[in-house]
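Me: I have a model open and would like to learn how to read its features. Could you take me through them one by one?

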Amino acid sequence: MLHKKIAELLNQQVNKELYSAYLYLDFANYYADEGLDGFAHWYEVQAQEERDHAFMIRRYLLNSGEKVEFLPIDKPDKVFKDHMGPLEAGYAHEQYVTGLITDIYHEAFGQKDYKTMQFLDWFIKEQGEEETNADDMVKKMKLFGGDAKGLYALNQELAGRVYAPSATGPAM
Ligand code: FEO
């Protein structure tokens, strides 16, 4: 069993990760509608990764003898005025998620819950990577997305992203 507050935060995090998947699929919908299939593909892969994160945390809760309660998933409600919009929103969202993971880590530290801290180590690293990726997308769009040729090349590059389920997940 976990400390009540930690179990509660992890249960909420399952919901946040599922929301992240939903949000990124919504970005993919936007880009698909705009004819940018490479951008759409990139966010479809990202949504799969977010779903994996939710599964990992769910599994950790179950392995720890906790019940998992699914909460309603919010409707993604962002409206974008240009192709940069989802990229900036994605970066801001990853920074927000890093904050959530950090808060759980902080709680686990306070409770001397070293097992949960070890579990969360993987997510701390993952968030670092996800923030870097999201920031790179914004930077590349600023540099190359301003004209049709650049946007086409960027779309081609993003189409090449491969979904690779994490071989080494968090410590359970
Ligand atoms: Fe699961 Fe992008 O954080």
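Me: By class, which residues make up the lining of the largest cavity?
Reply: Start with the classes: Ala, Val, Leu, Ile, Met, Phe, Trp, Tyr, Cys and Pro count as nonpolar, Asp, Glu, Lys and Arg as charged, and the others, Gly among them, as polar. Here the lining has four nonpolar, three polar and two charged residues. They are Tyr24, Trp42, Tyr43, Gln46, Gly90, Glu94, Glu130, Asn133 and Ala134. This is a predicted model, where local features need pLDDT of at least 70 and side-chain atom pairs count only at pLDDT 80 or more, while totals for chains, interfaces and linings use all residues. Residues are numbered from 1 along each chain as its sequence is written, and side-chain values use heavy atoms, leaving out hydrogens and water.

Me: What is the volume of the largest cavity?
Reply: A cavity is a set of points, on a 1 Å grid over the protein atoms alone, where a 1.4 Å probe fits but cannot get out; lining residues have an atom within 4 Å of a point. Grid points are joined across faces, edges and corners, and the volume is the space filled by probe spheres set on the points. In this case it is about 60 Å³, and the search of the whole structure finds one cavity of 30 Å³ or more.

Me: How many salt bridges does the structure hold?
Reply: A salt bridge is a side-chain nitrogen of Lys or Arg within 4 Å of a carboxyl oxygen of Asp or Glu. The structure holds seven. One of them joins glutamate 157 and lysine 140, at 2.6 Å, N to O. Glutamate 157 is in helix H5 (residues 148-158) and lysine 140 in helix H4, so the pair ties together parts 17 residues apart in sequence.

Me: Is aspartate 113 buried or exposed?
Reply: Buried means under 20% relative accessible area, exposed over 50%, and partly exposed in between (1.4 Å probe, protein chains only). Aspartate 113 is buried, yet has no salt bridge. For charge, Lys and Arg count as positive and Asp and Glu as negative, with His and the chain ends not counted; the nearest side chain of opposite charge, lysine 115, is 6.2 Å away. Aspartate 113 lies in the loop between helix H3 (85-110) and helix H4 (114-144).

Key:
Helices (H or I, at least four residues) and strands (E, at least two) are DSSP runs, numbered from the N terminus. On a 1 Å grid over the protein atoms alone, a cavity is a set of points where a 1.4 Å probe fits but cannot get out, and a pocket is an open set with protein on both sides within 12 Å along at least five of seven lines; lining residues have an atom within 4 Å of a point.
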